[in-house]
Amino acid sequence: FLDTVGLIRGHGESVEAEFAVAQLAMVSEIPGTLKMEAEVCVFLSLVSGNDGDGKWDVRKIPIDHKEDEHKELYYWSTDAVITFNSCICWINYYRGGMLAYDVLEEKPKILYVRLPIVDRPRSSAQGKAFYEVNRSVCPTMQLSKKGTNNSVLKFTDVIRSDGEPFGPLGKGSSFTIHSYILSS
């Protein structure tokens, strides 16, 4: 699948992996529940090994989400992959959500974070191609009140008043930029 592979560097002294590659292979419902899980293919490069040593693993990991977020995950597709601190994050701009996965944790878990979208699509019949153009999630640094840099995720959502997905603005139309910050 396109846009499903992320790469992250090992962190901390107790971590044995030099880097990890993770691919989100599938999101599916856990049978008999309203809970979702992800199938993730992971490669861990081992620091203590020889060149080329490493280990591939396929993991089924429950997704931590609220009950009303089930439908957003049921129709999951990934539009972008980013890294944030120690997580690989898969982003769906159309449904407006993000799956955050700390690959190097001993007890892996995936957290679903709903993006604060003003105009959330109600059906899958709406076109989705332009959401990637009008929405963006990116990691950045923000100066704290104490003068230190903090890692934050910034989400930007551009909404046009003319209702068009892209192209030149119509006469008298405008756009609004909504910007949000998620700190670690």
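Modeller: E37 is a place to start: E37 is in strand β3, residues 36-46 (strands are DSSP runs of E, at least two residues, numbered from the N terminus). Keep in mind that this is a predicted model, where local features need pLDDT of at least 70, side-chain atom pairs count only at pLDDT 80 or more, and totals for chains, interfaces and linings use all residues. Residues are numbered from 1 along each chain as its sequence is written, and side-chain values use heavy atoms, with hydrogens and water left out.

Biologist: Is E37 buried or exposed?

Modeller: E37 counts as buried because its relative accessibility is 15%. Buried means under 20% relative accessible area, exposed over 50%, and partly exposed in between, with a 1.4 Å probe and protein chains only.

Biologist: And F43, where is that?

Modeller: F43 is also placed in strand β3. F43 has 16% relative accessibility, so F43 counts as buried. From C-alpha to C-alpha, F43 and A22 are 6.5 Å apart in space, though 21 residues apart in sequence.

Biologist: New topic. How many residues of β7 are buried?

Modeller: Five of five, in residues 97-101. G97, L99 and Y101 lie on one side, M98 and A100 on the other.

Biologist: Which strands does β7 pair with?

Modeller: β6, residues 87-92, pairs with β7 in the antiparallel sense over five bridges (two strands pair if DSSP finds at least two bridges between them). Strand β8, residues 110-114, also pairs with β7 in the antiparallel sense over five bridges.

Biologist: What is the bridge partner of L99 in β8?

Modeller: Y112.

Definitions and conventions
Helix = DSSP H or I, 4+ residues; strand = E, 2+ residues; numbered from the N terminus.
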